[in-house]
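I opened a new notebook page for this chain. My plan was to look up a handful of things and write each one down.

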Amino acid sequence: MSLSTTTRAAVGGRLRAARGLLTGFAATSVAHLGAILTHTPGLQHATKPALMPLLAAHSLASTERAPKLLAPALMLSAGGDILLQAGGDTAFLAGMGSFAAAHVCYVTMFVRRGALDDRRRTAVVAAAYAAAWAVMISQLWPGLGDLKIPVAAYSLLLTSTAVTSARLGWRTGLGGALFLLSDTLIATQLADWRELPGHQFWVMATYIVAQYLLASGTLRAHLEDGPDGVDGIADADRPDGAGLREEPGREPRPATT
């Protein structure tokens, strides 16, 4: 078997696995949201811990050189999901801490990929989100009780993710904004605000879409960087197989980094 044939088979197998994992993530998301709408707590508790691990596995299977901090960000989010689901004040604070660590991963990853390179654009985006953060905290503050400082600190990290994610494109930018919206809805519960109809459904729907957009947008930006990108990736790892170049009169060969 030639090297190019072996490379094609390996890439094809990896991409089939990635598609299967993404299908599993989508199916689990639908099942979880359906369980919320139908008030089926058993199914909710069974599906929620599986969401982010499936998305992390999909991300790792999508390319041989996935961004190093993407899977940790998703798995730390999974830890937060599990802890928040456990209930109780201690578990809630631990879950918030796990999500805070996930946002540190996201912000670090985005900054490494040039999120702060365009200082003027970053300043405009940061100013807009800072204004939104100030309004949100000022409105929630009276009802947060002992959670005032933890929520304020966590929300700053969350806002930092939203700001830095905007630089990588519309997918990650929208993902960061939806993540902020999702956790704002949770914060309104903590402050004892009146809940929206289907409140928990909207919390989880915006969260799931946010994480998918952050992951898929990061992977897309990573692949578009090509072999000369920040982390470097072979053309052969591209989903369309563009790296398996063909030359006249010669057997196709894999591109090299």
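**Aromatic pairs**

I began with rings, and I needed a rule: rings of Phe, Tyr and Trp pair if their centres lie within 6.5 Å, and planes over 60 degrees apart count as edge-to-face. I noted that the model is a predicted one. How many aromatic pairs does a search of the whole structure find? I got five.

I looked at Phe 99 and Phe 179. Their ring centres are 6.4 Å apart and their planes stand at 85°, so I logged the pair as edge-to-face. This pair links distant parts of the chain.

I then took Phe 201 and Trp 202. Here the centres are 5.1 Å apart and the planes are at 80°, so this pair is edge-to-face too. Phe 201 counts as buried because its relative accessibility is 18%. Trp 202, at 43%, counts as partly exposed.

Which residues do ring pairs link into a cluster? I wrote down Phe 99, Phe 179 and Tyr 207.

**The chain as a whole**

I counted eight helices and two strands. Along the sequence the pattern reads α-α-α-α-α-α-α-α-β-β. The chain has 257 residues, and 48% of them count as buried.

**H3 against H4**

Next came helix H3 (residues 70–86) and H4. Their axes come within 8 Å and cross at roughly 165°. Angles over 145 degrees count as roughly antiparallel, so H3 is roughly antiparallel to H4. Is the crossing of H3 and H4 left-handed or right-handed? I noted left-handed.

I listed some of the residues that make the contact. On the H3 side they include Leu 70, Pro 72, Gly 79, Gly 80 and Asp 81. On the H4 side they include Ala 91, Gly 95, Phe 99, Cys 105 and Met 109. Phe 99 was already in my notes, as part of the ring cluster. By class, the contact of H3 with H4 has 18 nonpolar, five polar and one charged residues.

**H5 against H6**

I moved on to helix H5 (residues 119–140) and helix H6 (residues 148–165). Their axes come within 10 Å and cross at roughly 150°. H5 and H6 are therefore roughly antiparallel to each other. H5 passes H6 in a right-handed crossing.

Which residues of H5 meet H6? I found Thr 122, Val 125, Ala 126, Tyr 129, Trp 133, Met 136 and Ile 137. They face Ala 152, Ser 155, Leu 156, Thr 159, Ala 162 and Val 163 in H6. The residues of this contact divide into ten nonpolar, three polar and no charged.

I picked Ser 29 in helix H1. Is Ser 29 buried or exposed? Ser 29 is buried, because its relative accessible area is 7%. Leaving aside neighbours within four places in sequence, I found Ser 29 in contact with Leu 51 and Ile 208.

Arg 16 lies in H1 as well, and that helix covers residues 3–37. Arg 16 counts as exposed because its relative accessibility is 54%. I also looked up Arg 16 with Ser 62. They are 46 residues apart in sequence and 9.0 Å apart in space, C-alpha to C-alpha.

**Positive phi**

Last, I looked at backbone angles. Most residues other than glycine have a negative phi. I therefore noted residues that depart from this.

His 39 has a positive phi of about 55°, although it is not a glycine. His 39 lies in the loop between H1 and helix H2 (41–62). At 67% relative accessibility, His 39 counts as exposed.

Asp 192 has a positive phi of about 60°, and it is not a glycine either. Where does Asp 192 lie? I placed Asp 192 in the loop between helix H7 (170–190) and helix H8 (199–225). Asp 192 counts as exposed because its relative accessibility is 67%.

Technical notes
Residues are numbered from 1 along each chain as its sequence is written. This is a predicted model: local features need pLDDT of at least 70, side-chain atom pairs count only at pLDDT 80 or more; totals for chains, interfaces and linings use all residues. Side-chain values use heavy atoms; hydrogens and water are left out. Helices (H or I, at least four residues) and strands (E, at least two) are DSSP runs, numbered from the N terminus. Buried means under 20% relative accessible area, exposed over 50%, partly exposed in between (1.4 Å probe, protein chains only). Contact means heavy atoms within 4.5 Å. Axes are lines fitted to C-alpha atoms, for helices over the stretch in contact, and angles run from 0 to 180 degrees between N-to-C directions. Angles under 35 degrees count as roughly parallel, over 145 as roughly antiparallel, 65 to 115 as roughly perpendicular and the rest as oblique. A crossing is left-handed if the near helix is turned anticlockwise from the far one by less than a right angle, and right-handed if clockwise. Ala, Val, Leu, Ile, Met, Phe, Trp, Tyr, Cys and Pro count as nonpolar, Asp, Glu, Lys and Arg as charged, and the others, Gly among them, as polar. Rings of Phe, Tyr and Trp (its six-membered ring) pair if their centres lie within 6.5 Å; planes under 30 degrees apart count as stacked, over 60 as edge-to-face and the rest as tilted.
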